[in-house]
Structure formats: structure tokens, C-alpha cells
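Work through the exercises below with the sequence and the model open beside you. Each task is followed by a solution that goes step by step.

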2 protein chains.
Amino acid sequence: MDSVLKAIAADRAAALEELKAFLRIPSVSGDPARRGEVRRAATWVAEYLGRIGCRVEVVETPGHPIVYGEWTGAPGRPTLLMYGHYDVQPEDPVHEWTSPPFEPTIRDGAIYARGAADDKGQVFVHLKAAAAWLKAEGRLPLNLKFLIEGEEEVGSVNLEPFVVERAERLKADAVVISDTAMLAKGAPALCVGLRGIVYCQVDVQGPATDLHSGTFGGSVANPATVLCRILARLTDERGRVTIPGFYDEVRPLTAAEREAFAALPFDEKAYREALGVSALDGEAGFTTLERRWARPTFEVNGLLAGFTGVGSKTVLPARAMAKVSMRLVPDQDPEKIIEAFEATVRRLCPPSVTLRITRMHGSRPWLMPTDHPATQAAVRALTRGFGRPPVFIRSGGSIPIVTALTERLAAPILLIGFGLPDENAHAPDERLDLDNFHRGIETIAHLYAELT
Amino acid sequence: MDSVLKAIAADRAAALEELKAFLRIPSVSGDPARRGEVRRAATWVAEYLGRIGCRVEVVETPGHPIVYGEWTGAPGRPTLLMYGHYDVQPEDPVHEWTSPPFEPTIRDGAIYARGAADDKGQVFVHLKAAAAWLKAEGRLPLNLKFLIEGEEEVGSVNLEPFVVERAERLKADAVVISDTAMLAKGAPALCVGLRGIVYCQVDVQGPATDLHSGTFGGSVANPATVLCRILARLTDERGRVTIPGFYDEVRPLTAAEREAFAALPFDEKAYREALGVSALDGEAGFTTLERRWARPTFEVNGLLAGFTGVGSKTVLPARAMAKVSMRLVPDQDPEKIIEAFEATVRRLCPPSVTLRITRMHGSRPWLMPTDHPATQAAVRALTRGFGRPPVFIRSGGSIPIVTALTERLAAPILLIGFGLPDENAHAPDERLDLDNFHRGIETIAHLYAELT
């Protein structure tokens, strides 16, 4: 390892210049006008992988290309698959940036640019770790595959078909992804849980057209009122979801898990203030971290009915619509939950309106055992890289590709993030702490060794 | 009368063209961008009144102008005050119109346009009746005053101060308003009761910005869910409003009133089918007519929160908005009801969100004795115009000025409507039956004579 760490140390200044070159490419996948720039970022990654010694393929898709690279010179050794994305969020509102989003600038020990944290900077950590090994030792201690896409910020629509088609080629003993965050500066973290989700749209149709609420009101069901009454009855006063069976398969938090959550240096007051609310709220009997990471939820994501403009209109709406989603935790099954949801909504709906429920997407919750050998290897690598053991955290969100890779490759997944929670992914002044960037490269270099 | 009726008959085609010109003006009083168009409609009315021989004044207000016209050439004779409005509801949702809302189109014996029934078409009936008398006889059989405002659809906020200020000038022996509906085609009606209303907007503010529903969901109150829970709790399973004290001052229907309602040729099946619902719905223990005319309601008029576009977005909305209204019946007091509503909503709102309630407009319920001489004159005029006696009906809607005129002028008010219940006032494809339009002109011409 010493030679590898020396190579990393010697390369610090050069690595930064290379990262700047990568960040300068405005690879905004959601902007059709930037299609050429997105491809330029793919080419940049592919050339980099080729230069350090990987076999590389730029795979065309109906959208932006997928870069696939591999180094398979360690027969008999384990195989690690790295997933990341080279595309970035739009830079709007651009006038809120202190320095231009695509002119990487170093200030206060961080590199500021769109994509610095999400996810180019973190992808580059992996490229540099592999480069250091190959330069210092002429080999990697394991087989390494890179799967770096260009559509993560627009839904990864072409990735899952690719994974299904190339499942054999992508086969790995572990998967590593750096697209999450540390708990805080100086607090390295391994994310071991994601919530699942089911998302659907509920449409309540009443009269054929909007009606005068005076002339007709009182004699016909109001779809907006009906929808509110249905949605209201799906949760109770204690913040619990009332759908029968909803909690049946929720794996209770163990005492050890609750203790571990409670031990994390989470500043509830700062969190509340950052959200701009006078009080936090949620399921009775659980802490804020438990509510976000390990408890299922029911959320109304959107509501629309009747007159919503300025002023007043005395309309009895013909229809009312809600977008709703439920976040799921182990061992809830998205299919069972959506069935129970539908049955409940249908039961709560009066016969005087017509109900339509449209299922939109879903993904399973994901939990990685903390005692898994791959998890433990990551713990050791992070401990070496940061000089202190990581904490286990979870994320309340869902990363669809994690579920897809779990199901298709049957491999453990390591979510090792080097970003910080306040580094403005998706917002102006996105940045990546440089100390975390360099420690990240060392951590991943250690991970290769620890996984063997 | 013969000469007047002949003049009306000779003018049928011309009257339609004039009406079309009036309907083409998009005088949407609730849309600040249409301020100029609203004024254009006022000018159109004023010029028309001037042309037929009235003294006219366009009265400026802080909002849209009031058109006042009078013909006082019958000293010693009674004075009739006609009230109407030249403003219209917004045309949304505009894509649901068969023909454009401001391009009047004749189909199947009706004229389709926003304002055809509510209220431009009915206002124009009165202009034409006066025009016919003045053209055929050079005089009217009574003194006639026109009070035609441009803010009826936004609460008539500037009309009441005007009525108070000009009470002496507006003095009349009776008031006639055509802004209601007949019972059905071939069933002329005199409306002797109106519900009152209070209307307001409820805004629930949660976090400072929209949040990711995965990362944050479960730890912070969702304003959309909160709003649904509040609104849902304002009515119960039996269709009753649960606001404490809401029914305290509701005057119960007498046995005679319930019998009179029941005797009306109201076709519940046709009504249900016209509305396009599989079942009617409403307060338990009351008939459909009782629910519409003589029972108070709570309605959600609009809902908006979070993501409402195509597809899905996992957003926890920063805010949620509802437009709501309550229809009132004698002897409910709008002020007391809105106070009770606000207190209830505040009580139901959790401390983790911020609530704002904006009062928008209100009016008292109204009831007219059926044996009043003016009522009986209207019965005779309708009988002549339509060839059969009218029935006494009520309207579930609210005409704020009726209460104000009742209180300020101490005159009986005649609500003689020429619209039909299914003519989509406030909805797409609003229209006015042309046979009723022409019979309406004759009826009002008769009314002038019957009132003397």
C-alpha cells in the first residue's frame, strides 16, 4: 500500500488540475442544447479510463452514452463494480453562484463547480484511486469494472435495460457507489439503508363539468372534498399510516440500531432552522433520524382541483387530483403496499364519484447488513482514509439503480459518500471539500486491498 | 302592449347580433389583466342605454365602474330598479369549451359564450324590453332605473357603498333582477330565496422551500397533508358541517315549504344525468331541492400544492392552498359563520405549520314573501311571456346585492330568471336558450305594465 499512497500524495496537485478539466465540461443531461457537452464528458471519462489501463467502451443509448470500463487482470480475485454518473444538474439560478458554475474555483479548501460533489468529483476519486494503484504497482489487487452513466439527473431511464442486458458482463462480488454524503466534516459515513417508494396519482371525478357551487352545491359530491377526506384518513393524529397491514412487514428498529442513530452527532435545531419550520413533526415515538431513515411515510406530493388562480371562483370542481407516495422500509413490499393502498382508497371513496388510481413507479427499500464482510472492508478502508471509523447512516431517499443492481447482480452494495450534507448538490455554489477529496482517493485505494 | 310586442318581434335578429357584440367582450372582473376589457363592457352598456333614451352615468369606483341609467318620464307612476352585472366569470378551463368562450356561437337553439346566461344575456333582455317600449310607444309605463355593475363575480365590493351613498337616487317601489334560472325548459319560475355565502382562501405554509420527500419526508409536517386533514374534518359522514354552532341559526323548513318543494316537477334522474354523476349526494335527511335551496353547505372550490404536472416528482410541498366557501341559509349570519370557521380551522391546524386565512367575500341569505303584490305582478308577467304560470323556486346561489338592496332600499325584489339550470353558468360551454331570451324580453315588457 505504501507505494500506492505515495503515488496518491505525489499526484495531489495534478489530480486537482485534472478534476478541474472534468468539471469545466457543462454536461447538463437535462438540457438538449448541451447534448454535445454531455458526450464530451463521456469521452473525457472514457479516455481517462483508457489512459490508466482499462478496456473501455462508450455504449450508445437512446439518450446519453454509458461509459463502461474494466480492468480484469486479477484472475481468481474478487471483482468490484463502481457505479457513478458524469452528468450534472442544470446550473440555474446561475446568478446566485459566487464563481461561475463551470469555471472550477478553489476557495476555503473546497473546489466550487457544478458537479463537484454530485457526482463528477466523487467519480474522479475512483478514477484516481485506480490510477494510483496501476501507476505504483502496475496492477490492481482485484478486478475492477466502471459503470459511469450520463442520465442519472434525468431518471437513469436507459441504465436498467443496459444492466439487464449486460448482467453477465457486469457480474461483481461487490458494488461501490460514491453519490451520498458524509454525516459531517470529520465524520466519515457508510450509508447502509435507503427507503423504497411507491408513487401514484389519484384522480377523483365528480360531475362531468365544473358546476356553480351555489346552484348545485349540497346535492352532489364535491371531488375536492372527497379527495381531502380520503387522503386525510390515510394518516392519523399520531402521524401513523392507517392503511390496514401497512406496518405488518416493517422490521422494527433494534435497540442497537436506535442507540447507533441516537449516538450520531445530529443537530436537530440546526436541521429545523435549515428547513425553515417552527417545529418538526412526524410519527409519534420516533426521533427525527428514525423518522427520516427507518420509518415508512405517506406523503401528498401534489394537489390540484377547481379554481386555483388569484381571487375567488364559486366552482364545484368536476375533478380533483393528488400525487401521493409512500416511502418504504424493510421488509415492506412495494407491490403489497400499493395493493393495500388501492384497496383502502377504494373503500374510503363514496359511490357518488369515480376513482382512478395510476401507479407511477416503485422501488424496494434497501438495507445492507453492517456485519457483512464487504461492509466491514469499507469500514476499514474509511478508517484508514479518514483516521477514524465511519458511522453507519441511512438515507430517506431512494436510489433506483441501487435496487436494480441489487436485484440484477445479487451483490452487496457499498454507498461510500465523500460529499458533505451542505455542499449544495443541485443548488448554486456546489462544492467538494478538498481534504475529503484527497482522503476519498486514499479510502478507495484502501478499499481495493481490503476487499481482497 | 301590442305595439311593444310587435316591436320586439321585429327586432329578433338584430337583438341577437347586438347580444353577440356584448358577449364578445371578455369582461372577466377577477382577472387584473382584463381591466380594460371590463371597462369596455361598461362603456358598451352605457352607450346602449344612452341610445335608447336613458340618462346615463358611468360611475368610477376603486374597482370596475358601475353603469347607472334612468328614464323618469312617468311622474306619479311607480319606479322599478333593474339590477344586473356586465362582468363574467373566468373562462378556465378554456380547452373544455366546444366553441371559444368569447366568440358567441349559436347551436341547437342556444347562444354559447361566457356570460350568455350569467349575466350579460339576461341583462340584455331588460335593455331590449325598455328599448321596445321606448321605440313603440315613445315612453315607458313606469319610471325605470338601471344599476349594472362590473364586480358581481368578485363580490360586488364597491356596489354596496354606492347604494348607500345614492340610496335616495336609487329609491324604487320594486327591484327586478334576472340572474337566476327557470325551473326547467317550459317551466318559468320566480325565485323567492337565495343562499348567502362566505368565501375564503386557506394557505398552509410548511418548510421554506419544497423539499425532497425522501430525504426529509416523515420529519416535517407536509402542508398538503395538513390541509387535507383540516378540510376533511369540517364535514362528517352524513354530509353535515362540523363547525361548532354552524347550524344554530338555521331556520328549519316548514312543513308547507317542504310540501311545496316536493310538489315541483323536479326530475331527479334527469338532474343526475345532466350533471354526469352516478349518484347524487348530500346532507342526510333532505331532498335534493332542500339540499340545494334551503340547507347550508361547505365546499372546497380549489386546491393547489406541490407538483401537479405530468409524471411524478418526489416533492414535499412548501405550501398548500385551498379556496373554500360556505353557503348560508336564513338566519345564518356570515360574520358569525366565518368567525366560527376560522376558529375551527385554527384549532385543527398543528403548530408545525403556519396558517393564513384570507376572507374574500360574503353575503347574507334572503327570502321573499310569495303573496307580496310585486311578486304577484311578476307572476302575471311571466304567465303572459311564457303562456303558463311560474312556480316559486329558490336558488342555492348567492346574489350579494339582493341583501344589500333589501336592507338599503326597503323595496321588494323580484328574481325573474331566464336561464336554464343546465346552461353552465361558471363552467365551460355556458349558454342561453334563445327561445327563453326572446320570451324574456316579452315578459319584462309585460312586467312594466303589470307593476303600474
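**Exercise 1. Find how far apart the C-alpha centres of domain 1 and domain 2 of chain A lie, and which residues take part in their contact.**

Solution. The C-alpha centres of domain 1 of chain A and domain 2 of chain A are 39 Å apart, with the domain bounds coming from an automatic or database domain assignment. That assignment gives domain 1 as 2-194 + 365-450 and domain 2 as 196-250 + 296-363. The contact draws six residues from domain 1 of chain A and eight residues from domain 2 of chain A, where two residues are in contact if their C-beta atoms, placed from the backbone, lie within 7 Å. On the side of domain 1 of chain A that touches domain 2 of chain A, there are three nonpolar, three polar and no charged residues; Ala, Val, Leu, Ile, Met, Phe, Trp, Tyr, Cys and Pro count as nonpolar, Asp, Glu, Lys and Arg as charged, and the others, Gly among them, as polar.

Before going on, note that this is a predicted model, in which local features need pLDDT of at least 70 and side-chain atom pairs count only at pLDDT 80 or more, while totals for chains, interfaces and linings use all residues. Residues are numbered from 1 along each chain as its sequence is written, and chains are lettered from A and ligands numbered from 1 in the order in which they are written.

**Exercise 2. Describe the side of chain A that touches chain B, and name the element that gives the most to it.**

Solution. The contact takes 72 residues from chain A and 79 residues from chain B. Among the elements that give two or more residues to this side of chain A are helix H7 (223-232) and strand E11 (297-306); helices (H or I, at least four residues) and strands (E, at least two) are DSSP runs, numbered from the N terminus. E11(A) gives the most, with nine residues. By class, this side of chain A holds 28 nonpolar, 32 polar and 12 charged residues. E11(A) also pairs with E11(B) in the antiparallel sense over five bridges, pairing being assigned if DSSP finds at least two bridges between two strands. Within this pairing, Gly302(A) has Gly306(B) as its bridge partner.

**Exercise 3. Which residue in E2(A) stands opposite Arg55(A)?**

Solution. Strand E1 (residues 55-59) and strand E2 (residues 66-71) of chain A pair in the antiparallel sense over five bridges. E1(A) and E2(A) form a hairpin, with six residues between them. Opposite Arg55(A) stands Glu70(A).
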